[in-house]
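Notebook open, model loaded. I want to go through the fold piece by piece and jot down what I find.

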Amino acid sequence: MTQEEETKQKSRKARNSSGHVLNPELSYKVEVTDKDGRVVQREDGPSRSYVRQWNEIFQLQAGAVASGGVVKDTSGVTQTNAYRTSVCFKCDAGIGYTLTGLRVGKSSTPVSISDYALGAPIAEGAGVDQLEHQLTYFTAPSVVGTTLSFTIQRSMVNHSGATISGIWEIGNYISFTASMMGRFALGFRDVLASAFDIPDGGAITVTYTLKVTA
Amino acid sequence: MQRDRKMKSGGLWYSVTIRDRDGKVISRERRRARSMLGNWYRILYAQMSFSTCSLVGTNGIDRGASWEQENWKFKAAADEDYIGIVIGTGTTPVTIDDYKLDTQIMNGTGIGQIRHLASTPGSPSVAGSNCEFLTSRVFLNNSSGAITVRESGIYCRCKGPTYYSYACIVRDVFGSPQDVPDGGSITIDYTLRVTA
């Protein structure tokens, strides 16, 4: 990417409608690299898009709810016996695992508080319009000045034999428990300012930064 | 209406309501809580990554944070002053690594003490593009004297790799001190809201 192109990409940032930094703050960065590892497309900006399941699962923990919690899972089924669990918010997805962790998709439908999954998530694989999901990486929490932050990052590689175009959405699938079973819910979702295209042999890397400022 | 006008965006909000012995509201403060602390996110990191990190509990000891079903529990029974919403008299400005209130007011009816009632986080509700839930706690002043409250926070259950502890995850210093008359009460409401 030339300096001019990079400057243009950097300026393409989703804006927080209220125009100021929030406490807490969620932000994202998306990068597409070609088969040689060169960055060909990039976007970063503040996320405004926690969805209802995030708060519902947190309330199960805060209230030490032992049964009867209501959370809709990523398959669209409303689980009516959710409860506190040691795996709440778990999203340390491994290679090829797509039930939890960061995902990308093709839907540009604006985020709604009641979204329960990506609109059109890209499946795991090396077939047409599929991506190979890599390991999830976290950075440990660190404090700088009055801010604590950590990041979650995942790359997805395109070995489909063709460009995968029209990536519009990113999000995070997290674990919860209902009826003694592991379940999965959408925690946050963002629609990008522009569509991303992943060349064959290239990859898309999504990084979310979770930050809180006192 | 004031609540709706001010609470436009996501985050944590609190309100403080003082009542006299007859239940009449004599003071109220409502604002965005600027003071979700680092410990909230340390637990979140442990849960999301299914790993551990350091965390200093309310006793000042680093027991760490790990994944555990009781993490973030701040449902509190009556007279429990080590968990749930708590209040104090301190005015030291909030810092990201605060691990307890500056000067906590303990449970009781003695001088400078206040009765802690039970507190349970409410069920989440969705309205428009918001999803929120409210946690409220009432404190009764039966100490025979007025008590001035200047700070509030939330203590929650947290488990490290080995030991359970309690973590301060929220602390706020009020915009103005709140005097709770003898026989009166103070109610602290925290609302956690996410907005899409």
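How many residues lie between β1(A) and β2(A) in their hairpin, and which residue in the turn has a positive phi? I counted five residues between the two strands, and Gly37(A) is the one in the turn, with phi at about 85 degrees.

**Entry: β1 of chain A and its partners**

I stayed with β1(A) and looked at both pairings. Toward β2(A), residues 39–47, I find eight bridges, and the two strands run antiparallel. As a reminder, strands of a sheet pair through backbone hydrogen bonds, either parallel or antiparallel.

**Entry: chain A overall**

I then wrote down the layout of chain A. It has two helices and 12 strands, in the order α-β-β-α-β-β-β-β-β-β-β-β-β-β. Chain A has 214 residues, and 45% of them count as buried. I also checked how far apart contacting residues are in sequence: taking contacts between residues at least 6 apart, 68% join residues at least 24 apart.

**Entry: helix α2 of chain A**

Is α2(A) mostly covered or mostly open? Mostly covered: 11 of its 11 residues, 52–62, are buried. I was curious about which side chains that includes, and among them are Arg52(A), Glu56(A) and Gln59(A), along with Trp54(A), Ile57(A) and Phe58(A). After the helix comes Ala64(A), with a positive phi near 50 degrees.

**Entry: the nonpolar core**

Next I looked up the largest nonpolar core, which holds 105 residues. Ile204(A) and Cys156(B) touch the most other members. Strand β10(A), residues 164–178, gives the largest share of this core, eight residues. General background for this entry: in soluble globular proteins, nonpolar side chains tend to be buried together.

What does Cys156(B) contact once its neighbours within four places in sequence are left aside? I get Trp72(B), Lys73(B), Phe74(B), Ile83(B), Tyr166(B), Ala167(B) and Ile169(B).

**Entry: a sheet in chain B**

I traced an open sheet of three strands in chain B, ordered β3-β7-β8 with antiparallel pairing. The edges are β3(B), residues 84–88, and β8(B), residues 164–180, each pairing on one side only. From one strand to the next the twist averages 25 degrees. β7(B), residues 147–159, pairs with β8(B) over 12 bridges, and one of the residue pairs is Lys159(B) with Tyr164(B). I also found α2(B) lying across β7 and β8 of chain B, at about 155 degrees to β8(B).

**Entry: where the chains meet**

I counted 46 residues of chain B in contact with 43 residues of chain A. On the chain B side, α2(B) supplies the largest share, nine residues. Sorting that side by class gives 22 nonpolar, 16 polar and eight charged residues.

**Entry: confidence**

For the complex, the predictor gives an ipTM of 0.92 and a pTM of 0.92. Chain B averages a pLDDT of 93, and 95% of the residues score at least 70. Where pLDDT is low, the predicted coordinates should not be read in detail.

Note on methods:
Residues are numbered from 1 along each chain as its sequence is written. Chains are lettered from A and ligands numbered from 1 in the order in which they are written. This is a predicted model: local features need pLDDT of at least 70, side-chain atom pairs count only at pLDDT 80 or more; totals for chains, interfaces and linings use all residues. Helices (H or I, at least four residues) and strands (E, at least two) are DSSP runs, numbered from the N terminus. A residue is buried if 20 or more other C-beta atoms lie within 10 Å of its own, exposed if 12 or fewer, and partly exposed in between; C-beta atoms are placed from the backbone. Two residues are in contact if their C-beta atoms, placed from the backbone, lie within 7 Å. A nonpolar core is a set of buried Ala, Val, Leu, Ile, Met, Phe, Trp, Tyr and Cys residues joined through C-beta atoms within 7 Å. Ala, Val, Leu, Ile, Met, Phe, Trp, Tyr, Cys and Pro count as nonpolar, Asp, Glu, Lys and Arg as charged, and the others, Gly among them, as polar. Two strands pair if DSSP finds at least two bridges between them. pLDDT is the predictor's confidence in each residue, from 0 to 100. Axes are lines fitted to C-alpha atoms, for helices over the stretch in contact, and angles run from 0 to 180 degrees between N-to-C directions.
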